[in-house]
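Colleague: I would like a close look at one part of this model. Please take me through it piece by piece.

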Amino acid sequence: MSHASGTSGARPTRRGGRWERYRVTHPFSAQDQAALWGSIVGVVALAALLGWALDMKGGVVIVAAVPFIIASFENRRTAFQFDAAGARFGTVMVPWTDVTQFVVVTPADGQRALIGARFRPGAALPAGVSALAQDPAMPAPIHVAVPRAKFDLEKMVHKARRYAPSHLQIVVADPSGERVAS
């Protein structure tokens, strides 16, 4: 399903210096915190070493490295995201032209929500991505499990209406059937 104009639908929108998107993250684990602090200590040590060995300002190294450290940890923690480029399930990026529906399932355990995508006819997983482990509760071919406490269906629907292509639907699936989220 493409648009008559040939464009992908959602145009990048900037607000407050950031691209608009909907994002759900994994919790910030102790391992992530240790890696973040290790990275910070490593950069400060490198800055001090360069400052001593090359008589270079160490602050330059710190200022240059901080955006890369932040982006790396943001990407590492992202479980699901959609923005102007498409939808991201963990590390798998799916372009908007391939997605027709997001499917949301909240299993009875209450600890997690499953967010998946159904593809247009003829579309498949991106090249190089093997089939993911399928959860029996999820009727879509690709999905991620996100912490239930971090998932907000209303916010997801609101952001999708404003920034996702107009052909995209968000469907809530439960044992009684499926319904379009409103």
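Which strands form the open sheet, and in what order? Which helix packs on the sheet?

Modeller: A caution comes before the details: this is a predicted model.

Start with the chain as a whole. The protein chain has three helices and 11 strands. From the N terminus, the elements run β-β-β-α-α-β-β-β-β-β-β-α-β-β. Of its 182 residues, 38% are buried. Take the contacts between residues at least 6 apart in sequence: 61% of them join residues at least 24 apart.

Now the sheet. Four strands make it up, in the order β3-β4-β5-β6. The sheet is open, and its pairing is antiparallel. The edges belong to β3 (22-25) and β6 (92-95). Each has a single partner strand, so one side of each has no neighbour in the sheet. On average, neighbouring strands here are turned by 10 degrees against each other, direction ignored. In general, strands of a sheet pair through backbone hydrogen bonds, parallel or antiparallel.

β3 pairs with β4 (residues 78-83) in the antiparallel sense, over four bridges. Arg 23 has Gln 81 of β4 as its bridge partner. Helix α3 (residues 153-163) packs on the sheet and touches β3 and β4. The direction of α3 makes about 30 degrees with that of β4.

Next, the helix itself. Its buried residues are Met 156, Val 157, Lys 159, Ala 160 and Tyr 163. Why do they line one face of α3? Seen down the helix axis, the buried residues fall within an arc of 165 degrees, so they sit on one face. Glu 154 and Arg 161 are exposed, on the face turned away from that buried side. At the N-terminal end, Asp 152 caps α3. A side-chain oxygen of Asp 152 lies 3.2 Å from the backbone nitrogen of Glu 154.

Take Phe 89 as a case. Leaving out residues up to four places away in sequence, its contacts include Ala 79, Phe 80, Val 94, Phe 102 and Ile 115. Ile 142, His 143 and Val 144 are also among the residues that Phe 89 touches.

Val 103 sits in strand β7 (residues 99-105). Val 103 is buried, with a relative accessible area of 0%. Its contacts beyond four places in sequence include Leu 114, Met 138, Ala 140, Val 171 and Ala 173. Val 103 and Ala 140 are 37 residues apart in sequence, yet 6.8 Å apart in space, C-alpha to C-alpha.

Ala 173 takes us to the end of the tour. Its bridge partner in β11 is Glu 178. Strands β10 (residues 169-174) and β11 (residues 177-180) pair in the antiparallel sense, over four bridges. Together β10 and β11 form a hairpin, with two residues between them.

Note on methods
Residues are numbered from 1 along each chain as its sequence is written. This is a predicted model: local features need pLDDT of at least 70, side-chain atom pairs count only at pLDDT 80 or more; totals for chains, interfaces and linings use all residues. Side-chain values use heavy atoms; hydrogens and water are left out. Two strands pair if DSSP finds at least two bridges between them. Axes are lines fitted to C-alpha atoms, for helices over the stretch in contact, and angles run from 0 to 180 degrees between N-to-C directions. Contact means heavy atoms within 4.5 Å. Buried means under 20% relative accessible area, exposed over 50%, partly exposed in between (1.4 Å probe, protein chains only). The arc is that of the directions from the helix axis to the C-beta atoms. A polar contact is a pair of N or O atoms within 3.5 Å; within protein, one must be able to donate a hydrogen and the other to accept it, and residues adjacent in sequence count only if both atoms are side-chain atoms.
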